[in-house]
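Subject: Structure for you to look through

Dear colleague,

Here is the structure that I promised to pass on, and below it I have written out what was found in it. Please keep the model open while you read, so that you can look up each residue as it comes.

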Amino acid sequence: MGGAIEWKGLSDPVTSQSWRGARFSSAPAPPSRGPLSASPPTRHCAANQEAGSAPARTYGRGREAAWRGRGAEWAGRGRGAASRTGLRGRNAEWRHRCRSLLVRKKRAVFCRARRMCVCPGPRRSGIPIRSSSLPLFSDAMPAPTQLFFPLVRNCELSRIYGTACYCHHKHLCCPSPYLPQSRLRYMPHPAYATFCRPKENWWQYTHGRRYASTPQKFYLTPPQVNSILKANEYSFKVPEFDGKNVSSILGFDSNQLPANAPIEDRRSAATCLQTRGMLLGVFDGHAGCACSQAVSERLFYYIAVSLLPHETLLEIENAVESGRALLPILQWHKHPNDYFSKEASKLYFNSLRTYWQELIDLNTGESTDIDVKEALINAFKRLDNDISLEAQVGDPNSFLNYLVLRVAFSGATACVAHVDGVDLHVANTGDSRAMLGVQEEDGSWSAVTLSNDHNAQNERELERLKLEHPKNEAKSVVKQDRLLGLLMPFRAFGDVKFKWSIDLQKRVIESGPDQLNDNEYTKFIPPNYHTPPYLTAEPEVTYHRLRPQDKFLVLATDGLWETMHRQDVVRIVGEYLTGMHHQQPIAVGGYKVTLGQMHGLLTERRAKMSSVFEDQNAATHLIRHAVGNNEFGAVDHERLSKMLSLPEELARMYRDDITIIVVQFNSHVVGAYQNQE
Amino acid sequence: MFCRWLSIIRRRRASPARRRCSSARGSTSAAEARAAALPAQAQVVICGGGIMGTSVAYHLSKMGWKDVVLLEQGRLAAGSTRFCAGILSTARHLTIEQKMADYSNKLYQQLEQETGIQTGYVRTGSISLAQTQDRLISLKRINSRLNVIGIPSEIISPKKVAELHPLLNVHDLVGALHVPEDAVLSSADVALALASAASQNGVQIYDRTAVLHVMVNDRTAVLHVMVKKGQVTGVETDKGQIECQYFVNCAGQWAYELGLSNEEPVSIPLHACEHFYLLTRPWETPLQSSTPTVVDPDGRIYIRNWQGGILSGGFEKNPKPIFTEGKNQLEIQNLQEDWDHFEPLLSSLLRRMPELETLEILKLVNCPETFTPDMRCIMGESPAVQGYFVLAGMNSAGLSFGGGAGRYLAEWMVHGYPSENVWELDLKRFGALQSSRTFLRHRVMEVMPLMYDLKVPRWDFQTGRQLRTSPLYDRLDAQGARWMEKHGFERPKYFVPPDKDLLALEQSKTFYKPDWFDIVESEVKCCKEAVCVIDMSSFTKFEITSTGDQALEILQYLFSNDLDVPVGHIVHTGMLNEGGGYENDCSIARLNKRSFFMISPTDQQVHCWAWLKKHMPSDSSLLLEDVTWKYTALNLIGPRAVDVLSELSYAPMTPDHFPSLFCKEMSVGYANGIRVMSMTHTGEPGFMLYIPIEYALHVYNEVMSVGQKYGIRNAGYYALRSLRIEKFFAFWGQDLNTLTTPLECGRESRVKLEKGMDFIGRHALLQQKQNGVYKRFTMFILDDHDTDLDLWPWWGEPIYRNGQYVGKTTSSAYSYTLERHVCLGFVQNFSDTGEEQVVTADFINRGEYEIDIAGHRFQAKAKLYPFTSLFTHKRRKDDVELSDLHGK
């Protein structure tokens, strides 16, 4: 993997048009990239207006709808982002785009209502359709709204979208409620917009391309969709002994769907061999994948070492000392695409060895019970510290030197679960999330969040940041919901730009390799950077004692959580794992429903049902829903196909990388644990 | 047919009546006193006040049986009857069903006039649509059968369909069957009308709401039927006992439970499935009440007009069985509607009538329908308990069959037999083995979709299989056997050679030449030239033994042929009824002076047993034993069978030592006590081996290994069928039934009228001999039929003589020897006024015949005797068997 490609990650896809434009000028994208297929700007405007002026009852579809309760927020942010990119006013296109987003924002509010009514809510709240909770505007409508939509969707929406979407700029009309910039982890700040400003306007560049393809051609067939979705899927089943699985974990499914190229998310899973328990984690990198890659390789070793008793540490140290074979510490469960960087292994090993040597020295002889929570916190902090130190010290090998710098200057969040019997610890740093799927006695699913997001939505985090810095920085430390106006997660590995003093940063960059020195971004010091560090890798650890009703744990990066509500996630996985669909039956009651409306509704429901059985992997199934869900909560192949056929440089505008691990618990074993007491 | 009818409006209309009766209930204690008093005795107690119970009561009272009590646990005409879709359709596959529906139609038509109760009878006609050519063939077959029993019908083009019913989308149709006299009506009202008429004739009706006659305060539930010495003596209800001679179980989907509640359980194999149909509000311009009923079997739906809107339901592919645990509910409670389940049917409805999209839904009705293991209704007397009659399991055709079935059952009770052959519907076609709840549940899940599936020749049920098997099952299966099921017994159809691939199950459905044609040909050829083994263990085998001459006496009384033959001889004979008709057709071997071995068709196991039990004196010195399960039967067919057997037994098997129709116990291989009989049920030379089951594998292995050098191979029933039909062998249950006499099928030789014993049916036969027969069993050889290209005959095809309808075929097969299709069937001689006249050999021989296969007539040659000359026999004495069978 070349350095240049890696660097691309440091910049924002929209604003880094310089290199990309160059690439495209030499090699135009294949015509199959239809959604972008160019068309004259005027037509594009017309399409937007048409989409925007669609009758209110179309309410937009898809993503906005999925964005329950966030519509206003995102639209607002989108506008803000637009103005901050400095693109505003560049041309009329852009204004149109903003306007259409605003229109969509309004629609999104409606969608919220609509979205809710498709979800299974409380039984029969006076609504003929038992599957629904009360639609917000049901009073105004003679028929149950659900019955209405199929018709609307089938007839009118398809026409509207037919004109608006098929011809050009699918992505504009396609519901993407947030502006791309707003979702990127790094905000292109006006201060450095100069150096990353595109040479040509993004819209010009888009429109500059000419494709002769027919509009429909970009559609993917279902097998194509499946091969994309399943490319990274991995399943692990805990082996059985004597036909019995004595572990509290049955196994796990994991999968990733890239939006960045290359993907910046990482995942890891391993069984501890010297202690009991299993480690699972998702890592969401930003400004490149170097940090998330390093953390995914190293963190579990740090945790495992922290958990090891004194004797074992001594044993290991003696083995290393005398050159004997090492006791294996971890058994990895990896997808072939999850790699280890061979070059840095020696370096990483030495750092790790130093860590356990220190542990041995600190903990002389007194064998105390190791506290998992403490071990997790120590491991996180220690690894971050090592990353930082390695970058400061540098390495004689120029490649390694460059690598450790890239690791340190990029960042990664981590959400790690340690499962040992019924003891579940979740250590979280950043905005990935761990969600427990609990099956209630009536068979329905509810979500229990086991981690707190470390971002601007978390009051306690805001509070913490303000306390850690002088009062006069209270306003600047979090701006536009971002740390120093730049970084979305408030805790992360790496990101030394938010940790080191300005002096240290300058020193390291100056002594660093040329690549680093040439990059404007690394040189850039965040504004209002007065009292570093602003960022920490210290995790928040949650303990949960597993109960038989706790059926599974979902670890996922924010790419999933921003497209789906946690309740939906848990329901979809729960229904997938139990293999049945808790669809409430429909009753007509005394309402006016026509055969056609009923037919439309039933067809929707059936489509929903059949999508459950398409996947062998719960994580894949979840991604399919996250990307392809329409306003009815059913996977819409057309939509899925559009989303997956986005060219890689555009994918990031519609979604973030998604990484999911679904751990399935063994209720029998958990129940047996419970009965023992 | 398609059940159900229901309306909210109806219920609303009925509510004042209910109020009235509740006030009556409250005010008069006299009524209660009267109500509580069930009669102490009656001749007949009918349980069930649906359309079946009321129809039986109606017909009994018409025939003069007035002392009848009808008990209904809930309200009259509740249950499936109330929910019935109210479509009367005569387009049915079985002739007997067509006749029942036709009679019902005529009965209901005049019911309103007779009773003054409105039944809502409207003659709308019905249109059965065909989306495929195969479906059209199936409809054409029905059409040709309907026409010959006098029900007008025609095959019409899609264009004509559109004229008859403008709302229909006809673009995907290839044709349709139009039956203009079919009707729609309210089945609940029909039941009420029948009950009212019966009540006027003196039938006492007890139900909960005092609709007609006597009110009973609470539900009157029949707890069980009292039986003494295999005879119904009374009914125990929760209101007291009623002594009675006859009990009729018309309890619909509860009939199974009720049957089992007896001390001597009566097994009535039926099971309910949920059935859904849709009611809509009126169409903008309300549909005419004369709008024809539409059946779209390929779309699995039926559609009728209903109060200006439509009523549409269907038989889905994935039925939902219900009440498997036998939860007896008072009435069918309001079951849950299941729209998701109905979705395929709704799609199909909207595809058929796209304009209905805007029609408003009134209700989705869910009401269980009862289905039987073979999709035919159940009627008749219980084999175990005399006087216990059953009429249930209508497969959602209760309204269509109600009148006819009630009539046949009433005839059965009053006269002892119905006026038509109803063997196909007889309760005794089932054994106890078909009444496991699991079996029923699984089977009805196959049967319900089959209502609208294409019914092709030689189609076998796929569920509820491998229940009874021969000990050789696994061996044969490993050698490529394909199986069919009869009476729960697995029988090989043919053996697929290892290098041959057959079509998938669904693809093999055809009305044309089947894919196994070549396979069976090679099996037949092997039977003709070398030797084949057919496992025929399924045949029913009884042993009758006595201490004295009782066995011989009773058999002489029951059977038409002379059984007083030397020990070791086999006699082909018929078990006749009073009318001379065949109750059973069997071969009896005299094992010794006092012991007989009886071989009958597989499905005779229950019927024959019941018949024997009924007529045998309860004499402890006479022992009847069912030994079906004790013997494995191997049929060695072919000229080399004699060589195989003599090599295995070291005994001379030549005709001189072992004449035809002879039975001997001998050793085969290491095994002793094998009953070897020189007959093959096909007219070919060979032997039947009756082997005690523990020796079965050994004997089979020995036969196969010794037979190797004689070219032995396995064969199946299709080969047997081809062989026996080309030899003009009639089989009971297919060709012969209770209304056919030996004289009518050329079996005078099997009847010894002067054997010095007045056997059952002798008088009728004497009479017939004097008067001549009114129908004659005839063999037809199709002349201009192209086996590869033309539709194959099956059974039930009309026979035309000089252009006049004279009868129907009963079975058919391809004769590999004649290289022609052979059909067997009865020829009648109708006068111009439709009366039956004597059929003489001359009448048969002097006529030009045609067989109508799905509307296409093929020329046929009629034969009264088999082509003996065509078959060259290596064994001279085989002719004895043949000539013995068919008279000289």
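The secondary structure of chain B comes to 22 helices and 43 strands, where helices (H or I, at least four residues) and strands (E, at least two) are DSSP runs, numbered from the N terminus. Please bear in mind that this is a predicted model, in which local features need pLDDT of at least 70 and side-chain atom pairs count only at pLDDT 80 or more, while totals for chains, interfaces and linings use all residues. Residues are numbered from 1 along each chain as its sequence is written, chains are lettered from A and ligands numbered from 1 in the order in which they are written, and side-chain values use heavy atoms, with hydrogens and water left out.

Of the 888 residues in chain B, 64% are buried; buried means under 20% relative accessible area, exposed over 50%, and partly exposed in between, with a 1.4 Å probe and protein chains only. Among the contacts in chain B with a separation of 6 or more, 72% are between residues 24 or more positions apart, a contact being heavy atoms within 4.5 Å.

Which strands are joined to β17(B)? Strand β16 (residues 293-296) of chain B is joined to β17(B) by three bridges and runs antiparallel to it, with B:V294 having B:I303 as its bridge partner; two strands pair if DSSP finds at least two bridges between them. These two strands form a hairpin with four residues between them, and B:R300 in the turn has a positive phi of about 65 degrees. Strand β18 (residues 309-314) of chain B is joined to β17(B) by six bridges, again antiparallel, and here B:I301 stands opposite B:G314. This second hairpin has two residues between its strands, and B:Q307 in the turn has a phi near 50 degrees, a positive value in a residue other than glycine. At 39% relative accessibility, B:Q307 counts as partly exposed.

Elsewhere in chain B, three strands form an open antiparallel sheet in the order β19-β14-β21. Strands β19 (321-322) and β21 (369-371) stand at the edges with a single partner strand each, so one side of each is left without a neighbour in the sheet.

Turning to the nonpolar cores, these are sets of buried Ala, Val, Leu, Ile, Met, Phe, Trp, Tyr and Cys residues joined through side-chain atoms within 4.5 Å. The largest has 58 residues, and those with the most contacts inside it include A:V295, A:L299 and A:F300. Helix α13 (residues 290-307) of chain A gives the largest share of this core, eleven residues. A second, separate core of 52 residues includes B:I46, B:A57, B:I96 and B:M379.

The structure also holds 42 aromatic pairs over all chains; rings of Phe, Tyr and Trp (its six-membered ring) pair if their centres lie within 6.5 Å, and planes under 30 degrees apart count as stacked, over 60 as edge-to-face and the rest as tilted. One of them, A:W445 with A:F552, is tilted, at 5.5 Å centre to centre and 50 degrees between the planes. A:W445 lies in strand β9 (residues 445-449) and A:F552 in strand β14 (residues 550-556) of chain A, so the pair ties together parts that are 107 residues apart in sequence. Both A:W445 and A:F552 are buried. The rings of B:Y805 and B:F830 have their centres 6.1 Å apart and their planes at 10 degrees, so this pair is stacked.

Lastly, please look at two peptide bonds that are cis, with omega near 0 degrees: the one from A:A261 to A:P262, and the one from A:P532 to A:P533.

With best wishes
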